[in-house]
Amino acid sequence: MAEIVVAPVEELPPGTVKIVHAGEISVGVYNLDGRYCAIEDRCSHDDGPLCEGEWDTDACEVVCPRHGSRFDLRSGSPLSLPAYMPVDTYPVRVREDGMVVIEIGG
């Protein structure tokens, strides 16, 4: 697993998202009121950017800005059409030094 540094905790406060690049992929890292989620920034419907869309902290969902498909931020599962395939999600943790990191690969 490769560990990708996202940001210090202070730079990703509750209610924010940060898109990071990890090799050939981009990942949206969300702070949902202290719960962190990381999801591939790619809608499975048309490979467009997913994490630029609206998102809901309480529902833990992101909405694709192109065609409106909703995805669960925890599992990557599509919740509405036209998307029907899930997208990748990644483990997120806060290191002892206060850095938010994601783990990519396997």
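Tutor: In this predicted model, Glu 3 has a relative accessible area of 36% and is therefore classed as partly exposed. Its side chain meets that of Arg 95 in a salt bridge, with an N to O distance of 2.8 Å. Glu 3 belongs to strand 1 (residues 2-8), whereas Arg 95 sits in the loop between strand 9 (92-94) and strand 10 (99-104), so the contact ties together parts that are 92 residues apart in sequence.

The structure as a whole holds 9 salt bridges. Another of them joins Glu 40 to Arg 42, with 2.9 Å between the closest N and O atoms. In that pair Glu 40 is buried, its relative accessible area being 9%, while Arg 42 is partly exposed at 24%.

The nonpolar side chains form a further part of the picture. In soluble globular proteins, such side chains tend to be buried together. Here the largest nonpolar core has 14 residues, and those touching the most other members are Tyr 30, Leu 32, Ile 39, Leu 50, Val 62, Phe 71 and Leu 73. Strand 3 and strand 4 (35-40) are the elements that give two or more residues to this core. A second, separate core of 12 residues includes Val 6, Leu 12, Tyr 90 and Ile 104.

Apart from neighbours within four places in sequence, Leu 73 is in contact with Tyr 30, Leu 32, Cys 37, Ala 38, Ile 39, Cys 60, Glu 61, Val 62 and Thr 89.

Strand 3 (residues 25-32) runs antiparallel to strand 2 (residues 16-22), and 7 bridges join the two. Within this pairing, Lys 18 stands opposite Val 29 of strand 3. The two strands form a hairpin with 2 residues between them, and Gly 23 in the turn has a positive phi of about 70°.

How values were computed:
Residues are numbered from 1 along each chain as its sequence is written. This is a predicted model: local features need pLDDT of at least 70, side-chain atom pairs count only at pLDDT 80 or more; totals for chains, interfaces and linings use all residues. Side-chain values use heavy atoms; hydrogens and water are left out. Two strands pair if DSSP finds at least two bridges between them. Helices (H or I, at least four residues) and strands (E, at least two) are DSSP runs, numbered from the N terminus. A nonpolar core is a set of buried Ala, Val, Leu, Ile, Met, Phe, Trp, Tyr and Cys residues joined through side-chain atoms within 4.5 Å. Buried means under 20% relative accessible area, exposed over 50%, partly exposed in between (1.4 Å probe, protein chains only). Contact means heavy atoms within 4.5 Å. A salt bridge is a side-chain nitrogen of Lys or Arg within 4 Å of a carboxyl oxygen of Asp or Glu.
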